[in-house]
Amino acid sequence: MKVLVPVKRVVDANVKVRVKSDGTGMDLANVKMAVNPFCEIGIEEAVRLKEADIATEVIAVSVGASQCKEQLRTCLALGADRAILVETDEELEPLAIAKVLEAIYEQERPEIVIFGKQSIDSDNGQTGQMFAALTGIAQGTFASELRITDGKAEVVREIDGGLQTVLLSLPVAISTDLRLNTPRYASLPNIMKAKKKPMDVTSPGDLGVDVGARTTVLNVAPPPERAAGIKVESVDELVDKLRHEAKVIE
Amino acid sequence: MENIEALNEIFSRGRVKTDQADLIHWGTDWTRSFEVAPQAVVFPERIDELVALVKLAREYSLKLVPSGGRTGLSGGAVASNDEVIVSFDRMNQIHAFNPTDRIVGCQAGVITQRLQEYAFERGLFYPVDFASSGSSQIGGNIATNAGGIKVIRYGLTRDWVAGLTVVTGTGDIIRCNRGLVKNATGYDLRHLFIGSEGTLGFIVEAEIRLAPGPKPQRVMVLGVNELDDILNLLQCFQQHVVLTAFEFFSELALQKVTKRGDIPRPFSEPCAFYALVEFDADADEEAAIAFEEALGRGWVTTGVISQSDAQAAALWSLRENISESIAADTPYKNDLSVRISEVPGFLSDVDGIVNKHYPDLDVCWYGHIGDGNLHLNILKPESLTIDEFFERCHRIDPELFSLIEQRGGSISAEHGVGLLKRDFLPFSRSDAEIGLMRELKEVFDPSGIMNPGKLFSE
């Protein structure tokens, strides 16, 4: 059973990003990049499926610039068997990514595709669902538990107000929530071995996918700065300010 | 009571505290083995209040104990003899920053982490860092010449102090060096105050130099089976990579940290020792070569590398949480250093002493081994009372310290002398040196009011 895991290269979650002064995007010069944390959970889950003898091959795929090879190498070190980079210097929208992945899906025919539920940079949270719609396969999103038995995937989903368990026929598209697992560290001996693992490079053009943009970013701006707090002298003053300045009480 | 009234005249609005709970809180540091018995705590906000306080102290023969974040491990900020504690909690302003000089001017009570954040927000870096940086104050860092986890690359607090404003034990205000890079005009009094443990005067303000913002960092944790191999590993990595940190800890230390359950082990195979290595992420390939070489030579058994800052922080917490995790075991702490080249021999000597005297006690090793600095912690078994335990530990102090003396090392690498190591100072300093130190104190503090009894006896 093949497992395909799409991974995105994003700004490291701990980096405090700055907006470019001209408002065209984020300033990413010299910023540390990493595997999107939700995608990392996807890789971990796939590797666990392999360790449990359920999966036979784990394939990591990324769509983006040549530097994404760094993140794919990480996935190989974490236990993926091979990697595919769909190389493009364009900034692709979720629909374009989903179409590219659909083409990869047709080539590879995996039975399980594990997405991160969203990327921590653009926070779209759409790619997995769009992919499921394009391919027409079942989807189990926001998974906090995943069990594969008898050609079915039992997925516990984190939904508003509780948990929902769904039973889905394979093939299936899963998207990971935070509680699905805790990813392991990349072991150095495995990183050494990962150098010998294959990494194929292709492009949207080779796959025959139209990745043209359908939206335009007009402006990127940081959130407004919060005003500093003040100390009030008395309860009356506090009530007065809450009523007339903050307007949070009648 | 006359004293307290006089203090109240200098410090208005409740800035003199005498409640027992307050006295205990502000009168102690992380050591728990000294009696705490001050008479008052005061909270100055301005330098002229400190001058007035020193004059008052000379008139009334009050003893003054400066108090910062109280994270010290040698009792330097412990008030055990009817002293007045001078807390810098309210002198916590960062008041100047010059991007051309890359110098920030701050009061002594600024929390170390706040200075680090302030630098970061300006694209710069304050590189002195240690586990207690969220509580410790810059004044205390200077008074103990604090070191920490990045010394191998960035040096000690001393290397970042560009200027100091102090109030001496005579009540004089001195501005030392004023942020100059070059200043060849005689004795640099700034350096006398760095590491003086509050015995010469109060450090009131500091001008701190900042470094350029660091490149993204990578962290490895490596498994090591023999103590000797840790030094081989250090040399091997240093041949290939500029290290930001090189730390080590033992399996027992790792067990103590992971016992809480919030931080996972780096890898499942247990090893006798672990090394934590940090370097610029763009040196990944060189570091991988170093690892392969070390693996080939049998100096490491396995290892992991951080793939994100979150993982780097989690790996660091394996090292940084040790002190906190063993606190419940009332450890007997030793903070020793020798020249780096002496480390292998010194480690086996210490190992011998420990095995001879404490075969039945748990010994927790860790430290900044890349600086020749070893933290040796003996953990108290439940069967012994605190007094019995410390009495037993102290009995071998002379043997341990003689060993350090023979190897030309230091009985306190970065924790200071305070009360804890005071009587052992002669193992690291000659009689002539100590005599000169006493004479220097006499010059700056003729009335003996500044943190008396610390560093050397009154």
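How much area is buried between chain B and chain A, and what share of that area do carbon and sulfur atoms give? In this predicted model, the two chains bury about 1800 Å² between them, and carbon and sulfur atoms give 60% of that area. In chain B, the residues that lose the most area to chain A are B:Gln307, B:Asp309 and B:Gln311, which together account for 29% of what that side buries. The size of an interface is often expressed in this way, as the accessible area lost when the parts come together. In terms of contacts, 23 residues of chain B meet 19 residues of chain A.

The rule finds two salt bridges across the interface of chain B and chain A. In a salt bridge between B:Asp309 and A:Lys32, the side chains meet at 2.7 Å, N to O. B:Asp309 is also among the residues of chain B that lose the most area to chain A. Eight residue pairs, both members at pLDDT 80 or more, are in polar contact across the interface of chain B and chain A. On the side of chain B that touches chain A, the elements giving two or more residues are α4 (112–121), β12 (217–224), α10 (284–296), β15 (302–305) and α11 (309–320) of chain B. The largest share, five residues, comes from α11(B). By residue class, this side of chain B divides into 12 nonpolar, six polar and five charged residues.

The chains are also joined through strand pairing. Strand β11 (residues 186–187) of chain A and β15(B) run antiparallel and are joined by two bridges. Within this pairing, A:Ala186 has B:Ile305 of β15(B) as its bridge partner.

Chain A itself contains seven helices and 12 strands. Its C-alpha atoms fill a box of roughly 70 × 40 × 40 Å along the principal axes. Of its 250 residues, 45% count as buried. Among the contacts in chain A between residues at least 6 apart in sequence, 69% join residues at least 24 apart.

In one of them, the side chains of A:Glu51 and A:Arg184 meet at 2.7 Å, N to O. A:Glu51 is exposed, at 51% relative accessible area, whereas A:Arg184 is partly exposed, at 26%. In the other, A:Lys117 bridges to A:Asp177, with the closest N and O atoms 3.2 Å apart.

Within chain B, strand β17 (residues 363–367) provides an example of an enclosed element. Five of its five residues are buried, so β17(B) is largely enclosed by the rest of the structure. In a regular strand, side chains alternate between the two faces of the sheet. Both faces of β17(B) are covered, with B:Val363, B:Trp365 and B:Gly367 buried on one side and B:Cys364 and B:Tyr366 buried on the other. β17(B) pairs with strand β13 (residues 243–250) of chain B in the antiparallel sense over two bridges, and B:Phe249 stands opposite B:Tyr366. Four bridges also join β17(B) to the antiparallel strand β18 (residues 373–378) of chain B, where B:His375 is the bridge partner of B:Tyr366. The hairpin of β17(B) and β18(B) has five residues between the strands, and B:Gly372 takes a positive phi near 75° there.

Another buried position in chain B is B:Tyr332, with a relative accessible area of 3%. B:Tyr332 is found in strand β16 (residues 332–337) of chain B. Beyond residues up to four places away in sequence, B:Tyr332 touches several others, including B:Ile378, B:Phe389, B:Phe390 and B:Asp397. The side chains of B:Tyr332 and B:Asp397 are joined by a polar contact of 2.4 Å.

Key. Residues numbered from 1 in each chain as written. Chains lettered and ligands numbered in written order. Heavy atoms only, no water. Contact = heavy atoms within 4.5 Å. Buried area = accessible area lost by both parts, 1.4 Å probe. Salt bridge = Lys/Arg side-chain N within 4 Å of Asp/Glu carboxyl O. Polar contact = N/O pair within 3.5 Å; in protein donor to acceptor, adjacent residues only side chain to side chain. Nonpolar A, V, L, I, M, F, W, Y, C, P; charged D, E, K, R; others polar. Pairing = 2+ DSSP bridges. Buried < 20%, exposed > 50% of the residue type's maximum accessible area, 1.4 Å probe, protein only.
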